[in-house]
Amino acid sequence: MSVEDQIAFRVEDLCRSYFLKGETVHALKGVSFDVLAGEYIAIMGPSGSGKSTLLNVLGCLDRPTSGRYILAGDDVATLNDYQLSRIRGQRIGFVFQSYNLLQQLNVLENIKVPLQYQGLVGSEADVLCQHLAERVGLGNRLYHRPTELSGGQQQRVAIARSLVNDPYFILADEATGNLDSKTTDEVLDLFETLNNDGKTIIMITHEDEVAARSKRVIRLRDGLIESDTRN
Amino acid sequence: MIFQFFQTVVLGIKSLMVQKLRAGLAALGIFIGTATVIWLVAMGEGVSFRAQQQILELGARNIIVRTKQPNEGEQDAANRVKTYGLLRADYRRIVENIPNISRAIPMRELRFELRLGDRTADAKLVGCVEDYLALNRLEMARGRWLSSRDRGKKVVVLASDTARRLFPFENPIGRTIWVGAEFYTVIGQTRDRTASAAIGGSLDSRDYNLDAYIPLKTLRQRVGDLVMKRVGGGQGFNFIGEDVELSQITVEVENIEEVDETAQIIETLLKKYHEKEDYAVVVPRELLRQAERTRTMFNVLLVVIAGISLLVGGIGIMNIMLATVTERTREIGIRRALGATRTDIISQFLIETVVLTASGGLLGVLFGLSVGPIFETLKRAVLTFSPESLPPIVQTLEPRIAPWSVVLSLAISLGVGVLFGVYPARKAAFLDPIEALRHE
Ligand SMILES: Nc1ncnc2c1ncn2[C@@H]1O[C@H](COP(=O)(O)OP(=O)(O)OP(=O)(O)O)[C@@H](O)[C@H]1O
Ligand SMILES: [Mg+2]
């Protein structure tokens, strides 16, 4: 297998600028790197350095101002809203700092949401979701609402949800930012297991201990890559 | 596909249940609007149905020629006796000149006091012929109707109320009563009969129950054409006289298609012999057509009013949905991140709106359909507390549900849901996912 085959995605000279009332903020000023399938990457950098902006572009929630983001052969900048939605639903799993579960749904239903948008419903979907809930250790909480769960449990539901569509990679924006060190470890254990099973993971973090558990660390500063190192 | 739609509906209901009171209040507007359409139309249909029944009582093949007091100035005030109206000659001319009539029935009616001992009845004395019974679809309760052998004889048939006043306890058949200054023998009594439509200038509908029928010939010979009436009060009362030969001639045409044409001919015929306009030609069929037009106009009006109330309900719905979209901005962001397309978001909120309006609409229809029993109960409740407070038209009103009003109101409420749901739903779908995710 060549390197090309293993590339999960590639960004080339990626720029993202915000235009605000005559003022332009350059959040990303030309970022380039490749990510191979199965990598486990931590993105670090000071506040305002452009980490979330980069992750939003990678997650197809946002489009670059210039530069290219090539995902499965497509340049994301040229795709329309519908196509971006489909990519988000099929190839990308999100894990957020604030969990972002839907409050009116229970654990099982929350995990199922991405499947519904792919038209996957019925008993197979139920079995899959239940299996994922068990895998993240919530087999006995299937019918609980998010408000009835701890922060760590909620984040594990969110991780199960991010896995349900069997995505190419998982994007986590400060996924452990709201958790104490014990639950942080639990979540990181989960990420590690997933990565060992072959999932590509890209996570933003401020903490060196968290970054230390990844395999590669990309540091941003003022919208540019400061360093890119493999542990 | 169907299952997915069903799931979206379930999701919509779930989301609505989060704010039960708010959803309920929003649906209330649609509920009231839908129920109003059905109720108003049912009331209107009830009124016009009765009006049509009354007109049909007059007979669709009939032409009614009535005496009418000519409108004239005061110059006649000195002339104490007014002579006007249809003549026996008119009757003869109609019968002789108009070929396609099956029968023509002359009639003279006037208010008259009937008396028996100290009981009196201020009745309508009707001088008529044998055919009058069949023409007006009267039925005998007891005794017999006037026959050709009774012509000129002093016999009388009492209507139900008249009989009740003079003979509250006894059987009137065979008894004699005072009609003016003469004795008449009661030979029969008619059944109660519902009133027919108002015709020819008189605003009251014709009430048959206070009648007393005597042969036309008897009326002419015994009472005469000239009737003196006492008017005014104080010192020295005044008398005015009215000299009228016939009050009405009812002409029945053989073929219903010829009614209008024959009415025209009669009108032309009468015009030749009457200087003043002291008669009116009424065609019940024409009245029916008029009633139909009135009904259509009435219905349009009701639908417009109800439509406005549904519009107001729709604005309420839109208001709620806009608030919902703002409140659930974050949910929209999450769903977009998880793969929802704009269409998915639009259908989610649109279905939610339609579920809201449809449930309001369905409940409104159910409430609307129970208009009969509910109205009846209300009416009875009001009547027990103050029997006099309801006008007779309301007392006898029976709402009639028009199927089209049910379909229409349901369609409008669904339409309102879609119409007023589109904007909030589009607003939700076109939110920037990142902004939406950041929303608190
Ligand atoms: N929607 C926006 N409009 C304008 N400027 C923005 C917007 N989003 C981000 N920025 C700017 O882009 C720059 C990068 O922001 P970004 O959120 O990517 O930082 P970050 O590295 O994630 O910081 P933190 O660690 O605090 O989350 C900042 O200067 C920020 O002000
Ligand atoms: Mg950030």
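Trainee: What should I know before we start?
Mentor: The model is predicted, so local features need pLDDT of at least 70 and side-chain atom pairs count only at pLDDT 80 or more, while totals for chains, interfaces and linings use all residues. Residues are numbered from 1 along each chain as its sequence is written, chains are lettered from A and ligands numbered from 1 in the order in which they are written, and side-chain values use heavy atoms, with hydrogens and water left out.

Trainee: Chain B, then. At what angle do helix 10 and helix 13 of chain B pack?
Mentor: Helix 10 (residues 342–369) and helix 13 (residues 403–429) of chain B pack at about 155°, with axes 7 Å apart. That makes helix 10 of chain B roughly antiparallel to helix 13 of chain B. The contact between them has 17 nonpolar, 7 polar and 2 charged residues.

Trainee: Which cut-offs sit behind those words?
Mentor: Helices are DSSP runs of H or I, at least four residues, and strands are runs of E, at least two, numbered from the N terminus. Axes are lines fitted to C-alpha atoms, for helices over the stretch in contact, and angles run from 0 to 180 degrees between N-to-C directions. Under 35 degrees is roughly parallel, over 145 roughly antiparallel, 65 to 115 roughly perpendicular, and the rest oblique. For classes, Ala, Val, Leu, Ile, Met, Phe, Trp, Tyr, Cys and Pro count as nonpolar, Asp, Glu, Lys and Arg as charged, and the others, Gly among them, as polar.

Trainee: And how do helix 2 and helix 13 of chain B cross?
Mentor: The axes of helix 2 (residues 20–58) and helix 13 of chain B come within 9 Å and cross at roughly 160°. Helix 2 of chain B is therefore roughly antiparallel to helix 13 of chain B. Among the residues that meet are B:Ile30 and B:Val41 from helix 2 of chain B, and B:Trp404 and B:Val416 from helix 13 of chain B. That contact divides into 8 nonpolar, 4 polar and no charged residues.

Trainee: What about helix 2 and helix 11 of chain B?
Mentor: Helix 11 of chain B (residues 371–385) packs on helix 2 of chain B at about 75°, with the axes 11 Å apart. The two are therefore roughly perpendicular. B:Trp39, B:Ala42 and B:Met43 of helix 2 of chain B contact B:Val371, B:Ile374 and B:Phe375 of helix 11 of chain B.

Trainee: New topic. How many residues are in contact between chain A and chain B?
Mentor: 27 residues of chain A contact 23 residues of chain B, where contact means heavy atoms within 4.5 Å. The buried area is about 2300 Å², with carbon and sulfur atoms giving 57%; this is accessible area (1.4 Å probe) that two parts lose on being put together, summed over both.

Trainee: How many salt bridges between chain A and chain B?
Mentor: The count is 3, a salt bridge being a side-chain nitrogen of Lys or Arg within 4 Å of a carboxyl oxygen of Asp or Glu. B:Lys14 and A:Glu109 meet in a salt bridge at 2.6 Å, N to O.
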